[in-house]
Amino acid sequence: MGKLYIIAYRHSSFMQLFGEEEKKGNIVVIENGLAAPKNFFLQITRFLFAGKCYLPIWILQIWFKRSFLLQLKNIKEDDTLVLFESINLRATGMLYHLLPKKLVKYNWFGNPIYPLFKGKDPRPCLNKIKDFGFQLVTFDPHDAVRYGMSYHNQFLRFPKPEELTCKVGIDFFFVGIPKDRESYLLKIKSFLEGKGYKCCFIIPHSSDEFISYEENLKYVARSRCLIDIYQCGQSGITRRPMEALFYNKKLITNNPEIRNFDFFHPNNIFILEQENLEEILAFMEKPMYMQPDSLKAKYDVGSWLSFYKEKANSSL
């Protein structure tokens with residue numbers, strides 16, 4: 001078994017999750033260099049020529065950084081590649097023609113498929129990516145069935161001991177962009193504050209209002225309960241239930257699918273419906289059920305990575 005390569009953007013959330021795995025040598029991270037160039041002429045020529053046939057590096061470097069391409073050339077036939085939360089048909093075609101043909105490749109989707117394609121039918125694009133030899137993997141069980149993808153659970157990393165001993169000063173915490181849920185979130189916040197709870201809802205409307213994932217986890221550690229409001233058309237769980245699980249926090253979510261997960265416990269997770277806000281008060285009085293580390297380990301980043309290694313071995 002060779003190395004496990006991940007093509008990803010090294011943003012704060014990714015490094016929080018995968019930084020230690022990279023230091024241990026469990027993965028090799030290649031900074032994502034697949035984004036389209038800003039120059040309009042280069043965009044047009046890349047669209048016309050890249051990804052349609054094999055092109056040598058001295059041509060590909062017109063549209064992609066040479067350092068990125070040279071890292072790709074280090075990938076061997078017995079390695080495994082995961083394209084992390086990235087979709088670009090021309091770039092995917094380039095990878096297909098540049099990399100060894102027998103290389104086992106995955107494309108991981110950590111967001112619902114339909115919104116990614118902004119209302120367009122995603123099947124033609126997804127089928128083309130499959131033709132390029134990529135196995136499609138999603139966090140959403142309904143998307144897995146609908147689009148012929150493999151399902152794989154969301155994940156987190158085990159917190160450091162000091163992260164679990166923070167003084168709790170927030171009753172309810174939410175962070176996320178408005179999407180189609182802001183009015184509902186503000187209704188929940190108003191209700192909870194009216195009952196005397198301390199709420200921290202971060203709903204950024206501009207880039208300077210965003211917080212880093214490291215800051216997010218600090219808020220999680222200081223909170224009693226996390227709020228998780230799903231966007232329309234989503235069935236897979238986000239990372240918020242994972243944070244509640246690993247940090248031993250209560251969770252309020254409007255996703256009924258969470259009942260199907262083995263970490264569900266009614267003392268810990270409240271399923272929000274339009275008319276049951278008053279029931280939150282009794283829920284918050286229930287003692288937490290402490291899930292064992294053996295269950296949490298199934299959702300640890302190390303287990304998430306093992307999924308790809310095991311699937312690659314079984315396909316050999």
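**Pockets, cores and a buried helix**

Tutor: The largest pocket has a volume of about 1100 Å³. Its lining comprises 37 residues, and those closest to the centre are Asn111, Gly176, Lys179, Arg239 and Arg240. Please bear in mind that this is a predicted model.

Student: Which elements give two or more residues to the lining of the largest pocket?

Tutor: They are helix H1 (12-23), helix H6 (113-116), strand E7 (170-175), helix H10 (213-221), strand E9 (223-228) and helix H11 (239-246). H1 gives the most, with four residues.

Student: How do the residues of this lining divide into nonpolar, polar and charged?

Tutor: The lining of the largest pocket has 18 nonpolar, 12 polar and seven charged residues. The second largest pocket, with about 430 Å³ of space, is lined by seven nonpolar, two polar and 11 charged residues.

Student: Which residues lie nearest the centre of the second largest pocket?

Tutor: Gln16, Arg157, Phe158, Lys160 and Glu163 do, out of 20 lining residues. The elements that give two or more residues to this lining are H1 and H10, and H1 gives the most, with seven.

Student: Let us turn to the nonpolar cores. Which residues of the largest one touch the most other members?

Tutor: A core is read as buried nonpolar residues joined through side-chain atoms within 4.5 Å. Here the largest core has 47 residues, and Ile6, Phe18, Phe84, Trp108, Phe263 and Tyr308 touch the most other members. Helix H14 (residues 301-315) supplies the largest share of this core, five residues. Beyond its neighbours within four places in sequence, Tyr308 is in contact with Leu4, Thr80, Val82, Tyr106, Trp108, Val137 and His152. A second, separate core of 34 residues includes Ile59, Trp63, Leu99 and Ile113.

Student: Is H11 largely enclosed by the rest of the structure or largely open?

Tutor: The test is burial, meaning under 20% relative accessible area. Eight of the eight residues of H11 are buried, so this helix is largely enclosed by the rest of the structure. The buried residues are Arg239, Arg240, Pro241, Met242, Glu243, Ala244, Leu245 and Phe246.

Student: What covers the buried residues of H11?

Tutor: The cover includes H1, E7, H10, E9, strand E10 (250-253) and helix H13 (293-296).

Student: Which residue caps the N-terminal end of H11?

Tutor: Thr238 does, with a side-chain oxygen 3.2 Å from the backbone nitrogen of Arg240. Just after H11, Asn248 takes a positive phi of about 55 degrees.

How values were computed:
Residues numbered from 1 in each chain as written. Predicted model: local features only at pLDDT ≥ 70, side-chain atom pairs only at ≥ 80, totals over all residues. Heavy atoms only, no water. 1 Å grid on protein atoms, 1.4 Å probe; cavity = no way out; pocket = protein on both sides within 12 Å on 5 of 7 lines; lining within 4 Å. Points joined across faces, edges and corners; volume = space filled by probe spheres on them. Nonpolar A, V, L, I, M, F, W, Y, C, P; charged D, E, K, R; others polar. Buried < 20%, exposed > 50% of the residue type's maximum accessible area, 1.4 Å probe, protein only. Contact = heavy atoms within 4.5 Å. Polar contact = N/O pair within 3.5 Å; in protein donor to acceptor, adjacent residues only side chain to side chain.
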